[in-house]
Amino acid sequence: MENKFDSEKVIEEFESLTKDAKRVQIETLKKILQENYEAEYLKKWNLDGRFDPQTYTYCVPVVTHKDLEPYIQKIADGASNPVLTGKPITTITLSSGTTQGKPKFVPYNDELTENTMQIYQTSFAFRNRAFPIGNGKALSFIFGSKQFTTKGGLLAGTATTNVYRSAQFKKTMKAMQTPCCSPDEVIFAPDFHQSLYCHLLCGLIFHEEIQIISSTFAHSIVHSFRTFELVWEELCSDIRTGVLSARITVDSIRTAMAKVLKPNTELADKIYNKCLGLTDWNGLIPELFPNCKYIYAIMTGSMEPYLKKLRVYAGGVRLLSADYGSSEGWIGANVNPDLPPEMTSFAVLPNIGYFEFLPLTSIDELDSIEPKPIGLTDVQLGEEYEVVVTNFAGLYRYRLGDVVKVIGFHNSTPKLQFVCRRNLMLTINIDKNTEKDLQLSVEAAAKLLAAEKLEVLDFTSHVDLTTDPGHYVIFWEVSGDASDEILNECCNCLDKSFVDAGYVSSRKVNAIGPLELRVLRRGTFQKILDHYVGLGSALNQFKTPRCVGPTNPKVLQILCNNVVKSYVSSSFC
């Protein structure tokens, strides 16, 4: 008989870990170094069996992915000697690729799977204490990406795919009473359009059993229900006849779906009438899934712009933000699930890696000044830092590129709020506008569209240096046709809403040119999503790149080829 999930026991273990986070961090670093001291990379730094934080941070440098890339490539090419870890790396993780335009290779091993399960169990324990669920199913919009074999015979795929394929994932989800309602053949389908259609169909078939709707990112859930708006009548037809749509052409999916899809006229009519009765799809989720307790996904950072639309679909169903991690590994869990997504923070688990923090003031100084990272328990309340990670899979003092703010402590471990990605910044002169600044600017301008019952479906930006002076370009995909007058107003509002002092002063003296708003053809962001999926990403791992730079020429080309209207700001004239 399988062990039943014990929320209180998990919470008790978490409380114990976080009471003396400094000691746990020292022990965790020692464990990582003891396991991997024979690796080529660590030998290079002459630790000589000294595994304490002082020696480690003195001898081993802070690095970026570029520094470790030759070592990771060596592993991918099949090196027989230990390169980054003592035990062989058997799997490579592909990052989403949305930051740099192409996926990065990151080493992955069983310890990272264990860390993932620990994070899942910890946050679920706190969620289940606040919002308990019974036996049921989850409508999980999860998708396995294409996997391929590297030159050295290692399997490569996204971090989420590596997790979903593990036996531990299924076991953990079952213990937490949230097994996915869709069969594996749907999750790991080679075509994500077909996979998404069948996820929606399975959700409707099991609609009364669905207790949680989830995905990795909020974007995936919004994208899934926007798709539902287009295909709901076809889904009802499938349920009515018990025959799967001809749009599903993958044999393995058709075979798996035949086991769950049976003719059900009563259910088809029920769903059809509910959909007809909705106004602008408000409250779609509680209407179709009456026993859904909450919607769960990462909703912070670049996902915040999707919350407005998600709340339309959710009606009164609670939104809970998922945990804080990256392709390189996990950092913290959301242990205060009763807070709205915009206020979510993440308590760092001190035993899943060794964590350091670069003070942000140091990062912005001259390159010649070496910033000094500080330990997990040395961070200061209210300060912002860049996260530096040492994990169990061969990353040592690795700059994650995430900026976080310390907003409190859970026992002795810090609670972090995600602020932005460091390298996603609009800058031409002395201006420094982050992803959050861009989001606030778009939100302000989108209010003008809302008066016309239109919405910004998605957005991104670009710094155009082909003009003199350079200027910001904002790309919008809008839900319908807006007048030139309104879009001109939106353009001016976008320009005025960047309140960074460096930007405002540069605009006033024309050191930065007028902002340009380019309106895109409907479906442009779908083309961008298709592009990333083609590179090996998965729908549930996709994040719209918020700033498209020179390292991302293909996405910039897609954007520029789909511009239907362009407007130039007259602000600051």
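At 13% relative accessibility, does K309 count as buried or exposed? K309 counts as buried, where buried means under 20% relative accessible area, exposed means over 50%, and partly exposed lies in between (1.4 Å probe, protein chains only). K309 sits in helix α15, residues 307-314. Leaving aside residues up to four places away in sequence, K309 touches V222, R226, E229 and E455. Contact here means heavy atoms within 4.5 Å.

This is a predicted model, in which local features need pLDDT of at least 70 and side-chain atom pairs count only at pLDDT 80 or more, while totals for chains, interfaces and linings use all residues. Residues are numbered from 1 along each chain as its sequence is written, and side-chain values use heavy atoms, with hydrogens and water left out.

Start with the whole. The secondary structure comes to 21 helices and 22 strands. Helices (H or I, at least four residues) and strands (E, at least two) are DSSP runs, numbered from the N terminus. The C-alpha atoms fill a box of roughly 75 × 70 × 45 Å along the principal axes. A compact globule of 573 residues would have a radius of gyration near 25 Å, and the protein has 24 Å, which agrees. That radius is taken over C-alpha atoms, and the globule rule is 2.2 Å times the number of residues to the power 0.38. Of the 573 residues, 57% count as buried. The protein exposes about 24000 Å², and carbon and sulfur atoms supply 51% of it. These areas come from the Shrake-Rupley method with a 1.4 Å probe; for residues, only the protein chains shown count as cover. Among contacts between residues at least 6 apart in sequence, 71% join residues at least 24 apart.

Now take the strands β1, β4 and β5. Two strands pair if DSSP finds at least two bridges between them. Strand β1 (residues 91-94) pairs with β5 (residues 155-158) in the parallel sense over four bridges. Strand β4 (residues 148-149) runs antiparallel to β5, joined by two bridges.

Helix α6 covers residues 110-130. Its 21 residues reach 31 Å from first C-alpha to last, close to the 30 Å expected at 1.5 Å a residue. The expected span is 1.5 Å times one less than the number of residues. Helix α6 is mostly covered, with 16 of its 21 residues buried.

Which order do its four strands take? They form an open sheet in the order β19-β20-β21-β22, with mixed pairing. β19 and β22 (563-568) stand at the edges with a single partner strand each, so one side of each is left without a neighbour in the sheet. Neighbouring strands are turned by 20 degrees against each other on average, direction ignored. For such angles, axes are lines fitted to C-alpha atoms, for helices over the stretch in contact, and angles run from 0 to 180 degrees between N-to-C directions.

Strand β20 has partners on both sides. It pairs with β19 in the antiparallel sense over eight bridges, and a hairpin joins the two through six residues. S461 stands opposite I474 in β20. Five bridges join β20 to β21, and these two run parallel. W476 has V519 in β21 as its bridge partner, while E477 has L520.

How many of the eight residues of β20 are buried? Eight of the eight are, so β20 is largely enclosed by the rest of the structure. Both faces are covered. H471, V473, F475 and E477 lie on one side, with Y472, I474, W476 and V478 on the other.

Helix α18 (residues 484-497) has 14 residues, which should span 20 Å; its end C-alpha atoms are 20 Å apart, which agrees. Its buried residues are I486, L487, C490, C491, N492, C493, L494 and D495. Their cover includes α17 (435-450), β20, α19 (501-508), β21 and β22. Helix α20 (residues 524-534) buries T524, F525, I528, L529, H531, Y532 and V533. Those residues pack against α10 (192-205), α11 (218-241), β19 (456-464), β20 (471-478), β21 (516-520) and α21 (553-561).
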